[in-house]
Amino acid sequence: MLLHVAVPDSLSVAQARRITLAAQGFADPKPGGATDMRHLRRVLRRLHLIQMDSVNVLQRAHFMPLYSRLGPYPVDLLERAAYKRPRDLFEFWGHEASLIRTDLQPFFRWRMARAAEFAWGNMRRIVAEQPELVAWVLDEVRSRGPITAAEIEHDAPRSKDHWGWNWSVVKQALEWLFFTGQITAADRTNSFARRYDLTERVLPAAVLEAPTPAPETAFRHLVELSARTLGVAAEPELRDYFRLPAQATKPAIAELVEAGVLRPVTVAGWKQQAFLHHEARLPRSIKARTLVSPFDPLIWERARTERLFEMTYRIEIYVPKPQRLYGYYVLPFLLGDRFAARVDLKAERRTGELQVPAAWLERGADPEETAAALAAELFRLAAWLGLTSVAPPERGDLAAALADALKAGDPGVP
C-alpha cells in the first residue's frame with residue numbers, strides 16, 4: 001500500500017521529486033501477471049501522450065515510456081491502441097510528433113485550424129505556391145488510402161528528387177494535410193513510414209462528432225492535464241508539455257488557480273513560481289528501478305530535470321562522436337527516487353546482444369548497489385527486447401562494477 005502525506009505549501013526538492021514521480025506513474029504497482037490493455041490505458045491516463053522518434057538503436061521511442069512504468073509488456077498492445085479499432089491513440093503534433101489519447105483530439109483542433117501559424121516553412125510554402133498539388137495529393141489519399149508518401153510520389157505530377165532531410169513536395173503536401181487534420185496516420189509500415197488516410201476513415205465517429213471547444217477552453221484543459229501529469233511544475237513546463245503558445249498558457253494557469261485546480265507553492269531552490277495540481281500526492285517513498293528513455297516525459301524539460309534530480313542530461317545523438325560526454329543513446333537509470341546512473345545502450349539484433357558502450361555513476365550513488373540493480377535491469381530489458389545476452393560495458397566510471405555485477409548473472413529480480 002502506497003502511503004501519502006499532506007502536501008505543504010513549501011516543498012523541498014525531494015518532496016517535489018516524489019510528487020513528480022508519483023504523478024508520472026512511477027509509484028503505481030507493476031502488473032502482477034500478464035500485462036493487458038487495462039495496464040496500458042492506466043499509463044495513458046497518466047501521460048496523455050507519448051513522443052515518437054525514428055531512432056531505433058535500442059527500441060522505438062514510443063515503446064519505452066510504457067516499459068519504464070509497466071516493465072516488460074507485449075509491444076503489440078501499443079500497436080493495437082494506436083492503429084486498431086477502437087483506437088485509443090492517434091498521431092499528431094502534441095509534444096513533437098506524438099501518439100495522443102484519441103479523446104483529446106478535439107482539444108488540438110485549434111492547432112489544426114492555425115496551421116499557418118505553427119506549421120513549418122516548407123509546409124506553408126507548398127500550400128501557398130502549389131495549392132493544386134496539395135489538392136491532388138488529398139484526392140490521391142481519398143481514392144487510394146491508406147497510402148505512404150513513397151507510393152504517391154511515383155505518380156506525382158510535379159514531384160522533385162530529394163535527398164537526406166529534404167522532403168519531397170509530395171511529403172510536404174502530406175504533412176500540411178496531416179497538420180491541418182484532414183488526413184492522419186492509419187498505421188505505420190515496417191520501415192516506420194506513415195500510411196496516410198482521411199481522418200474521417202480513421203478516428204472513431206464519437207471523437208469526430210464531438211464539438212470543437214473554444215481555444216481558451218482547450219488551452220485551459222491541456223494546461224490542467226499537463227499539471228496533473230507533472231504534479232508540481234513551473235509555467236514553462238506546463239506550457240512545454242503540449243507545446244502551447246506562451247500567451248495562452250499564463251491566462252489558463254490563472255483561471256485554474258482561481259478555480260482551485262492549481263495551487264501556487266514554493267520549491268526550495270526554484271526561482272520560478274511552482275504550481276501544484278490539487279490531486280497531486282506526496283508518497284513517503286518511491287521504490288522505482290527502471291531505465292528511462294531520452295524521450296520520456298519525465299525528462300522532456302531538461303532544466304526541470306536538473307532542478308529535480310540534480311542531473312544535467314542532454315541527448316548526444318547529434319553531437320560528433322569525439323565531443324560526446326556519455327555516449328550516443330544514453331538512458332538515465334532511476335533507482336528509488338533518484339537517477340543513480342546513466343548508460344549508453346545498443347541492441348545488436350544480429351547477434352542477440354545488448355551492448356553497453358558506456359556506464360556512468362551519478363553523484364552520490366553507491367557504486368555496488370547501483371551496479372547490482374542496473375545489471376538486473378539490463379537483463380530484464382534484454383529479455384524484453386528478445387536479446388539473449390548483455391555485453392560488459394566498454395567504458396565509464398561504473399564500467400568495472402557493472403561488469404562484475406553482470407558476470408554474477410541474472411538474479412531474476414522482477
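1. On helix α2, the exposed residues Arg38 and Arg45 sit on the face turned away from the buried side. Exposed means over 50% relative accessible area, buried under 20% and partly exposed in between (1.4 Å probe, protein chains only). Helices (H or I, at least four residues) and strands (E, at least two) are DSSP runs, numbered from the N terminus.

2. The model is predicted: local features need pLDDT of at least 70, side-chain atom pairs count only at pLDDT 80 or more, and totals for chains, interfaces and linings use all residues. Residues are numbered from 1 along each chain as its sequence is written, and side-chain values use heavy atoms, with hydrogens and water left out.

3. Which residues of α2 are buried? In this helix, residues 37-47, they are Met37, His39, Leu40, Val43, Leu44 and Leu47. They lie on the same side of α2 because they cover an arc of only 160 degrees around the axis; the arc is that of the directions from the helix axis to the C-beta atoms. An α-helix has 3.6 residues a turn, so residues three or four places apart point the same way.

4. The cover over the buried residues of α2 includes the strands β3 (49-51), β4 (89-94) and β5 (96-101), and the helices α3 (64-70), α4 (76-83) and α12 (215-230). Contact here means heavy atoms within 4.5 Å. Just after α2, His48 has a positive phi of about 75 degrees.

5. Strand β4 is largely enclosed by the rest of the structure, because six of its six residues are buried. Leu89, Glu91 and Trp93 are buried on one side of β4, and Phe90, Phe92 and Gly94 on the other, so that both faces are covered. β4 pairs with β5 in the antiparallel sense over six bridges; two strands pair if DSSP finds at least two bridges between them. The two strands form a hairpin with one residue between them, and Gly94 has Glu96 in β5 as its bridge partner.

6. The chain is divided into domain 1 (11-105 + 212-277), domain 2 (119-203) and domain 3 (314-408). These bounds come from an automatic or database domain assignment. The centres of domain 1 and domain 2, taken over C-alpha atoms, are separated by 29 Å. Their contact takes 15 residues from domain 1 and 16 residues from domain 2.

7. Between domain 1 and domain 2, about 1,300 Å² is buried, and carbon and sulfur atoms give 62% of this area. Buried area is the accessible area (1.4 Å probe) that two parts lose on being put together, summed over both.

8. An open sheet of five strands runs in the order β12-β13-β14-β15-β16, with mixed pairing. Its edge strands, β12 and β16 (389-390), each pair on one side only. Strand β13 (residues 330-336) is largely enclosed by the rest of the structure, because seven of its seven residues are buried.

9. On one hand, β13 is joined to β12 (residues 288-291) by four bridges in an antiparallel run, with Leu291 opposite Phe333. On the other, β13 pairs with β14 (residues 338-348) in the antiparallel sense over six bridges. A hairpin joins β13 to β14 through one residue. Leu335 stands opposite Arg338, and Leu331 opposite Val343.

10. The largest nonpolar core has 115 residues, and Leu58, Leu345 and Leu378 have the most contacts inside it. Such a core is a set of buried Ala, Val, Leu, Ile, Met, Phe, Trp, Tyr and Cys residues joined through side-chain atoms within 4.5 Å. Helix α16 (residues 367-384) gives the most to this core, with nine residues. Apart from it lies another core, of 26 residues, among them Ala16, Ile299, Phe309 and Met311.

11. Not counting residues up to four places away in sequence, the residues that Leu345 touches include Leu58, Leu291, Leu331 and Leu378.

12. Arg307 lies in helix α15 (residues 302-309). Is Arg307 buried or partly exposed? Arg307 counts as partly exposed because its relative accessibility is 22%. Leaving out residues up to four places away in sequence, Arg307 touches Val13, Ala234, Glu237 and Trp270.
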